[in-house]
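The sequence and structure follow.

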Amino acid sequence: MTSSEERPMSCNPNRCHDAAGGGTPPPSTGRIFNIQRYSLNDGEGIRTVVFFKGCPLRCPWCSNPESRSSKQQIIRREAKCRHCAVCSNDVNECPTGALELVGTDMTLDELMAEIERDEVFYRSSGGGVTLSGGEVLTQAPFALELLKRLKRLGYNTAIETTGHGNTTLLLELGQFCDEVLYDFKIMDSKVAKDVVGINLQRCLDNFRQLVDQGTHVVPRIPLIPGYTMSFENIDAILDFLSAFDLQEVHLLPFHQFGANKYEIFGMDYEFKDVPVPTDTEIEAIRRRVEARGYTVNIGG
């Protein structure tokens, strides 16, 4: 894990607050904010995606703002709230379920029990388990033990990462992954630092070391209007990738699916008026990437 300052969500106290005692996960547990089943966009086949809470970055287009803080948080869903005269702010005591805990501390055994429920889908589709976030590197020791268990059972494994974290731990994770889905964002190091908070050079060096150790790494490019979609930025990514013998690139078009979460968390969503990329814009970038010899997958 890097020394980058954690950037917790700025929560409206009427909507979101930290849970009591929820600052740091207990030893031997992982803090998970979602387990998504039947995913088709996070690796091969039908997958279960485990979302780890906590991220050192601050991408303004993030579709999972609940992943930013490593702390457990309590949100209030207005549509369910009765506005009781006295609110206990206790998830377990809320009569309507309006209060919801974001971030569950799970042991390896508990998480494996959830994952193994979907084994039939992995076996029948060639799918498996993907660890996502947030940034999985913020909980790398727990993620590593989870990957080891998954591999012992013969499951296909993947992680989604920006590579913004501890190099040694990332390389260890890569040894237990069938593929690492590696995001490239802004290739101007100053802009990347100012906008996202990322150490670009470290991420590029980590990518290089992952490939050099023989890990199957798949580059992914989020297509973000005004930030990553320019031909100049796309070409800079492709120029970097040209040093490696890679076959495919994934393009991830910007979407607005997570927009409503920002209001729930009392956060300002800078991208609420940003239009999603058009088919014409996506196709132009696809052709540009294919012209460099890559197979292109839209959507991951």
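Glu-119 and Arg-123 are four residues apart, about one turn, and both lie in helix 2 (residues 119-125); helices are DSSP runs of H or I with at least four residues, strands are runs of E with at least two, and both are numbered from the N terminus. The two residues form a salt bridge with closest N and O atoms 3.0 Å apart, the term denoting a side-chain nitrogen of Lys or Arg within 4 Å of a carboxyl oxygen of Asp or Glu. Glu-119 is partly exposed at 29% relative accessible area, as is Arg-123 at 46% (buried is under 20%, exposed over 50%, partly exposed in between; 1.4 Å probe, protein chains only).

The model is predicted: local features need pLDDT of at least 70 and side-chain atom pairs pLDDT 80 or more, while totals for chains, interfaces and linings use all residues. Residues are numbered from 1 along each chain as its sequence is written, and side-chain values use heavy atoms, without hydrogens and water.

## Pairs across the chain

The count of salt bridges is 19. One of them joins Arg-37 and Glu-114 at 2.5 Å, N to O, linking strand 2 (residues 29-39) to helix 1 (residues 108-116) across 77 residues. Arg-37 is buried at 19%, whereas Glu-114 is partly exposed at 26%.

Asp-235 and Arg-288 meet in another salt bridge, at 2.9 Å, N to O. Asp-235 lies in helix 7 (residues 231-241) and Arg-288 in helix 9 (residues 279-290), so this pair ties together parts 53 residues apart in sequence.
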